[in-house]
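This briefing sets out selected features of the structure shown below, grouped by topic.

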Amino acid sequence: MAENNEKVLIKGNYAIAQAAVNAGCQCYFGYPITPQTEIGEYLSGKMQELGRGYVCAESELGAINMVMGAVSTGVKAMTSSSSPAVALMQEGLSYAASDELPVVLVNVMRTGPGLGYIYPAQGDYNQAVYGGGNGDYKIIVLAPSTVQECIDLTYRAFYLAQKYRNPVILLADGILGQMMEPASFGKYPYPEVDVSSWALTGARGREARKIYSVATDEKKQIQHIYDLFKKFEIITQNETTYEEFNTEDADIILTSFGSMTRNIKAAMNVLRKKGIKAGCFRPVTLSPFPHKRVSELAGEGKDFIVVEMNMGQMFKDIKYAVNGQSKVSLVNRPVGEWLSVEEIVEAVESIVTQGLTVVNPGGVEYAASI
Amino acid sequence: METNFIFAGFGGQGILLAGTVLANAFMIEGKDVTWYPCYGAEMRGGTVNCEVVVSDTEVSSVHKQDTDYAIVLNQQSFDRFVKRVKKGGTIVANSTLVAETRPRADINYVFVPMTKLANDLGTSKVTNVVSLGVLASACPIVKKEFLEKGVAKVLGEKKKELLPLNIKALNALCEV
């Protein structure tokens, strides 16, 4: 895949893999799992061709630790996996955040909990944004909604990881991983980050360096955590991104993340034709989350309807940001067929006319206390 | 305006490839298009299917419940997807392997013996490409000139020698 603007019809998984190559990813470590196996498959050949590193790890735990080892030397490296196997990597993410290692992890989500199954879902919002690792730490989370964005945000993931020395998760889903769309790669658009001040490159001619997360000194540990959170404040100020459509005159704002955004945009257009002033809001960075913008929109009296393929995970972030200024409702299904445009339109209409707060189209009758 | 297509048949009939050619054809024509396969256990034996959605603007949802066109190459797929064709939609069936029945009155049926036409060209392997030619005759937004370009793109340099056969397969219906 040439680094030019020619459009190619490509699967999300292959797009992510080739974008990683273009971004200068020197090493890939991974263990196969549907629906993201094509990433490893593609890189197994490509990395060899380019004389770069590829290891099919013995386990997910092995893979994440190999990535930590590789990035600590200053090179770009990544792993990719899917939900239940990303769960196995949570320890590594906590360590990488504490060690300030620029790990890039791609999660192509499938259903859960437990082993779940291979079809697409969005149930790992909490896992990615709030983490399953121990301690106070934050990860940068990017959520693509198209194959083109799989490329653009993979580029961004590698850049942000090194720029801020912070782990980054690219949170895609089975639909994006498996679907083909026309997309173009262009060139990796970011500057190379100077890592010479911290990378472990051999101590010849300089002081030895250590990257570790054990903290026996209480004061230092307190300072370390504050430093991590100060850094994330800067990330929040500089890197929070979102998309919005027709929000200016909207009474209600549909919001979602990842590939579900496509459906809410289409639903918005249908609702507008029916005379309901709907807009769309979509966080591109799930962490840092655009709380501030959501709060502003809610302050203008706009109601929010969160549409997602889980039991209401991003819903809580929206609710937190809205903070009682306006009404927040949820349209959701935990797993299975993506909520269709028709289902979303119908759900929104019943929220508007009947004052409902939770609608589970085609699902089990379930009254959530929210 | 959004239109969607489901291709379905036995694993090995080139279903995913047929969808890929159509998606490439739309891309070359400058439309926005997505291709989405069934994946996982379904592929190990039984039927395989993929969905192509094309739009003049941005494609909204994939993985839709119903379809404007279903292209089915075996009986199993006919039985399964005839229910999912929208009212007024069209099912394009390979009558070499599908019985000519019309279980619904509110959709259109196109029966063409695609495997036979492919065999007449020397190999049943091009049944999938024959089906694209048939689709072009049944669906005004699918254009043969772009299908030809789509086939060429999918075959690429490596399999260029197969292009003439595939072009013949695209036009097989016209030559009956």
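Helices (H or I, at least four residues) and strands (E, at least two) are DSSP runs, numbered from the N terminus. This is a predicted model, in which local features need pLDDT of at least 70 and side-chain atom pairs count only at pLDDT 80 or more, while totals for chains, interfaces and linings use all residues. Residues are numbered from 1 along each chain as its sequence is written, and chains are lettered from A and ligands numbered from 1 in the order in which they are written.

**Backbone geometry in loops**

- Most residues other than glycine have a negative phi, and most peptide bonds are trans.
- The peptide bond between A:Thr34 and A:Pro35 is cis, with omega about 10°; A:Pro35 lies in the loop between strand S2 (25–30) and helix H2 (37–49) of chain A.
- A cis peptide bond also links A:Gly112 to A:Pro113, with omega about 0°; A:Pro113 belongs to the loop between strand S5 (104–109) and H6 of chain A.
- A:Glu100, which is not a glycine, has a positive phi of about 55° and sits in the loop between helix H5 (90–99) and S5 of chain A.
- A residue is buried if 20 or more other C-beta atoms lie within 10 Å of its own, exposed if 12 or fewer, and partly exposed in between, with C-beta atoms placed from the backbone.
- A:Glu100 is partly exposed because 18 other C-beta atoms lie within 10 Å.
- A:Asn246 is not a glycine either, yet has a positive phi of about 50°; its loop runs between S9 and strand S10 (252–255) of chain A.
- A:Asn246 has 17 C-beta neighbours inside 10 Å and therefore counts as partly exposed.

**The six-stranded sheet**

- Six strands of chain A form an open sheet with mixed pairing, in the order S9-S11-S10-S13-S14-S15; two strands pair if DSSP finds at least two bridges between them.
- Strand S9 (242–245) and strand S15 (358–359) of chain A are at the edges with a single partner strand each, so one side of each has no neighbour in the sheet.
- Strand S13 (residues 303–308) and strand S14 (residues 328–332) of chain A run parallel and are joined by five bridges.
- Opposite A:Glu308 stands A:Asn332 in S14(A).

**Domains of chain A**

- Chain A is divided into domain 1 (8–195 + 208–239) and domain 2 (243–359), with bounds from an automatic or database domain assignment.
- The C-alpha centres of domain 1 and domain 2 of chain A are 27 Å apart.
- Their contact takes 25 residues from domain 1 and 20 residues from domain 2 of chain A; two residues are in contact if their C-beta atoms, placed from the backbone, lie within 7 Å.
- On the domain 1 side of this contact, elements supplying at least two residues each include helix H6 (125–129), strand S7 (168–173) and helix H9 (218–239) of chain A.
- H6(A) gives the largest share of that side, four residues.

**Helix H9 of chain A**

- The 22 residues of H9(A) should span 32 Å at 1.5 Å a residue, and the end C-alpha atoms are 31 Å apart, which agrees; the expected span is 1.5 Å times one less than the number of residues.
- H9(A) is hardly covered, with one buried residue among its 22 residues.

**Contact between chains A and B**

- In this interface, 19 residues of chain A are in contact with 16 residues of chain B.
- Helix H8 (174–178), strand S8 (180–183) and helix H10 (260–273) of chain A each supply at least two residues of the chain A side.
- The largest share of the chain A side, four residues, comes from H10(A).
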